[in-house]
Amino acid sequence: MKVLVAVKRVLDHNVKVRVKSDHSDVDLTNIKMALNPFCEIAVEEAVRLKEAGIATEVVVMSIGPKAVQEQIRTALALGADRGIQIETDTMPESLSVAKLIAKVVEDERPSLIILGKQAIDSDNNQTGQMLAALTGMGQGTFASDVEIQDNEALVTREVDGGLQTVALRLPAIVTSDLRLNEPRYASLPNIMKAKKKPLDVKSAAELGIELRAHTELLKVEPPAERQGGIKVASVEELVDKLKNEAKVI
Amino acid sequence: MFQHDIDAINAIREGVRGLCENFDAAYWRQIDEVKGFPEDFVQALTEAGWLAAMIPEEFGGSGLGLSEASVILEEVNRCGGNSGTVHGQMYNMFTLLRHGSDEQKQKFLPKIAAGELRLQSMGVTEPTTGTDTTKIKTTAVRKGDKYVINGQKVWISRIQHSDLMILLARTTPLAEVTRKSEGMSIFLVDLEYAMANGMSVQPIANMVNHETNELFFDNLEIPADCLIGEEGKGFRYILDGLNAERTLIAAECIGDGRWFIEKASAYAREREVFGRPIGQNQGVQFPIAQAHIDVEAADLMRWRACHEYDNGIPAGASANMAKYLAAEASWKAANVCLQTHGGFGFACEYDVERKFRETRLYQVAPISTNLILSYVSEHLLELPRSF
Ligand SMILES: Cc1cc2nc3c(=O)[nH]c(=O)nc-3n(C[C@H](O)[C@H](O)[C@H](O)COP(=O)(O)OP(=O)(O)OC[C@H]3O[C@@H](n4cnc5c(N)ncnc54)[C@H](O)[C@@H]3O)c2cc1C
């Protein structure tokens with residue numbers, strides 16, 4: 001069984017971002033980039049399936065400029081077998097990403113496709129769903145557990161009220177939630193091996209996909225600065241302030 | 001200027017940082033508070049293969065150069081940790097690797113690479129001779145197929161967390177050798193066996209939460225095949241590994257320096273006194289800027305040392321100078337960081353005082369600043385030897 005994992009390069013979750021002075025976007029110059037945490041969980045899940053003898057090959061793909069190869073290598077160091085980069089000048093929006101992944105799915109014919117439920121930069125939470133629509137496959141989003149039985153994937157989903165388990169006929173699409181697993185860290189020997197694993201580069205044009213923008217980013221605002229707190233002397237004073245000043249109770 | 005595989009170096013940085021994220025400031029603070037040893041951290045680093053970076057692939061390591069290895073220790077310190085707890089495992093094997101017999105290498109290196117055997121300790125320093133190493137009084141006398149060890153060592157680190165130690169002892173009395181650097185030998189000592197057969201260990205309480213000890217040898221008999229290389233050449237073997245060790249220590253200091261500067265800058269941007277950030281005062285920002293320049297300059301010398309070492313070019317000058325510059329720079333950065341934090345720098349929860357203590361060590365150990373100046377004077381400037 002072949003597993004395809006699609007991963008995104010995003011800014012590191014530890015980095016404090018600054019908004020550009022003209023508010024056109026966040027400033028990414030010299031910012032440390034990393035593998036999107038949900039994608040890392042997706043890779044880990046695929047690698048575990050391989051270690052359990054269920055998956056036979058784990059292919060990892062990423063879309064974007066050459067720099068995304070860094071994140072593909074990271075995924076290879078975590079245990080994926082080979083990488084595919086779809087080269088684009090900028091980061092395309094979700095629908096284009098889903099179309100590009102759908103093309104790779106057509107070529108690779110994986111039995112399972114795992115994606116992060118969302119990327120921590122744009123927080124869209126839609127690529128997996130769009131991919132399901134484009135490919136006509138079943139989807140198990142917000143997965144906190146994945147089990148493969150015969151020709152089915154049993155996916156436990158984190159829904160508002162609790163947990164829901166769905167059975168998907170393979171090939172299927174899974175998007176990972178935070179509690180699906182705890183990713184390992186890459187070991188030094190595996191980082192070194194990752195450098196020698198195959199990494200194919202294809203262009204969006206080669207795949208016959210035209211990248212189109214459906215939305216336009218108008219402006220970006222930083223969150224409001226936090227006001228300094230005050231210390232209160234007693235519970236009474238706290239209750240009084242919550243009632244009469246903050247007016248929240 | 002110096003050619004390195006930048007992609008590999010970046011991947012290593014990322015990898016070490018990823019691991020270090022799980023051992024945050026609170027972890028190190030707690031270890032320091034209870035004067036503990038970061039066993040989980042050492043275990044994780046070992047299991048992920050980081051400490052076997054320089055062991056050749058044929059023995060189960062990654063066979064990397066000093067450049068890559070130095071980045072590993074740099075990043076540990078850069079992330080707020082203390083490489084002093086692990087660097088021994090990375091470099092104590094140099095003497096074994098370069099001078100051990102094939103049999104010794106086959107027997108020990110794969111286990112060291114796998115983390116099954118810890119070679120964390122090296123016993124050189126003695127209480128009565130200090131830096132004047134050739135005067136060491138610990139002796140190893142050949143008796144049949146054994147050596148009998150007597151004497152005393154001090155400041156021998158990580159003994160309680162190691163399985164093996166490289167020990168330097170005199171095998172020919174000083175009076176009987178033509179050159180004082182001759183007549184010393186190194187041995188690979190099994191610590192568990194030694195502790196049961198005549199070696200006693202006395203921990204030394206100290207300022208940096210370093211697990212370090214006094215050792216007493218009372219007729220400790222060890223098998224003769226513990227000898228590494230030829231008898232009498234041990235001092236030269238030890239010197240042989242020093243360029244790599246100095247460069248690794250320099251990299252640790254660079255990591256510390258960067259940690260201090262980032263911490264100082266962040267605090268100077270945020271702390272407001274007199275209605276503005278303290279970092280707006282040149283009296284606060286200039287010392288941080290100076291420390292930054294010093295760290296970056298030292299880093300260049302560190303990369304020169306790595307480049308020379310990895311390309312088989314004699315690296316004595318650059319390795320010594322890198323260690324000197326980096327230890328000076330990290331200490332300066334530590335001092336600036338503490339000063340920038342004002343009173344809060346003294347509060348344990350800011351981690352500055354801990355790192356301040358830790359980085360101060362590198363002015364003294366494994367080699368003191370004065371001895372590097374002596375080296376440069378004598379070997380590079382052809383000035384008369386002062387001792
Ligand atoms: C925490 C810690 C861990 C250590 N771990 C180890 C270890 O694992 N294994 C090991 O073998 N050793 C270890 N050491 C010992 C360390 O290498 C020595 O402390 C160091 O080499 C200095 O020797 P000393 O302390 O005897 O100082 P001394 O030799 O007594 O020197 C004292 C001072 O005088 C200066 N000085 C001495 N002679 C001269 C001279 N001719 N010219 C100018 N200045 C001079 C020195 O620079 C130093 O500042 C450790 C030390 C510490 C503090």
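Asn219(B) sits in strand β7 (residues 212–223) of chain B; strands (E, at least two residues) and helices (H or I, at least four) are DSSP runs, numbered from the N terminus. Asn219(B) has a positive phi of about 50° although it is not a glycine. Because it has 11 C-beta neighbours inside 10 Å, Asn219(B) counts as exposed.

The model is predicted; local features need pLDDT of at least 70, side-chain atom pairs count only at pLDDT 80 or more, and totals for chains, interfaces and linings use all residues. Residues are numbered from 1 along each chain as its sequence is written, while chains are lettered from A and ligands numbered from 1 in the order in which they are written.

His23(A) also has a positive phi, about 60°, and is not a glycine. His23(A) lies in the loop between β2 (9–11) and β3 (33–35) of chain A. Most residues other than glycine have a negative phi, and most peptide bonds are trans.

Pro171(A) is in the loop between β9 (162–169) and β10 (172–176) of chain A. Pro366(B) lies in the loop between α12 (352–360) and α13 of chain B.

Technical notes:
A residue is buried if 20 or more other C-beta atoms lie within 10 Å of its own, exposed if 12 or fewer, and partly exposed in between; C-beta atoms are placed from the backbone.
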